[in-house]
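Me: I have a structure here that I have not looked at before. Can you walk me through some of the helices?

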Amino acid sequence: FCSLSAQCCTMSSYQTPDSRKEEFRKYLEKSGVIDALTKVLVGLYEEPERPPNAVDYIKKYMGAPTGVDIDALKAENDRLKQENKQLTSTLEELNQRVLEEEG
C-alpha cells in the first residue's frame, strides 16, 4: 500500500523523471527558449574572434544589461520601499490631522 497521500498515488499525477524532462523540454520549445539559445550559441560560434567572456556575450545578445551591480540595486530598492512606507505613513497622519481640524 502507498504510504504517500492518495493524491500522490493516482496514476495521473505520477510522472517518471523522463516524462518530467520531456514535459520541460516541450515547455522550453513552446516558449521559444530553445530557439533563442540556439541562435545565441550559433552567433557565438560564428564570431571570428572568441569574446573573452562568453557569459557577457550571451547576456548582451539576449538583451540583458551587463556591468550592473545587482546587490546595489536590491539594496536601493529595499531602501526606497522603506522610504515609501514612511512617507505613506506620514501622509496618512497628516490627512488625519486635516480631517480632525476640519471637523
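Reply: One term to begin with: a polar contact is a pair of N or O atoms within 3.5 Å. Also, this is a predicted model.

Me: How do helix 3 and helix 4 pack, at what angle?

Reply: The angle is about 125 degrees, and the axes are 10 Å apart. Helix 3 is made of residues 33-46. That angle makes helix 3 oblique to helix 4. The crossing of the two is right-handed.

Me: Which residues make the contact?

Reply: From helix 3, Ala36, Lys39, Val40, Leu41, Gly43 and Leu44; from helix 4, Ala54, Tyr57, Ile58, Tyr61 and Met62. By type, 9 are nonpolar, 1 is polar and 1 is charged.

Me: New topic, helix 5. What is at its start?

Reply: Asp69 is there, with a side-chain oxygen within 3.2 Å of the backbone nitrogen of Asp71.

Me: How far apart are the end C-alpha atoms of helix 5?

Reply: They are 47 Å apart. Helix 5 has 33 residues, 70-102, so at 1.5 Å a residue it should span 48 Å, which agrees.

Terms used. Residues are numbered from 1 along each chain as its sequence is written. This is a predicted model: local features need pLDDT of at least 70, side-chain atom pairs count only at pLDDT 80 or more; totals for chains, interfaces and linings use all residues. Side-chain values use heavy atoms; hydrogens and water are left out. Axes are lines fitted to C-alpha atoms, for helices over the stretch in contact, and angles run from 0 to 180 degrees between N-to-C directions. Helices (H or I, at least four residues) and strands (E, at least two) are DSSP runs, numbered from the N terminus. Angles under 35 degrees count as roughly parallel, over 145 as roughly antiparallel, 65 to 115 as roughly perpendicular and the rest as oblique. A crossing is left-handed if the near helix is turned anticlockwise from the far one by less than a right angle, and right-handed if clockwise. Contact means heavy atoms within 4.5 Å. Ala, Val, Leu, Ile, Met, Phe, Trp, Tyr, Cys and Pro count as nonpolar, Asp, Glu, Lys and Arg as charged, and the others, Gly among them, as polar. The expected span of a helix is 1.5 Å times one less than its number of residues. A polar contact is a pair of N or O atoms within 3.5 Å; within protein, one must be able to donate a hydrogen and the other to accept it, and residues adjacent in sequence count only if both atoms are side-chain atoms.
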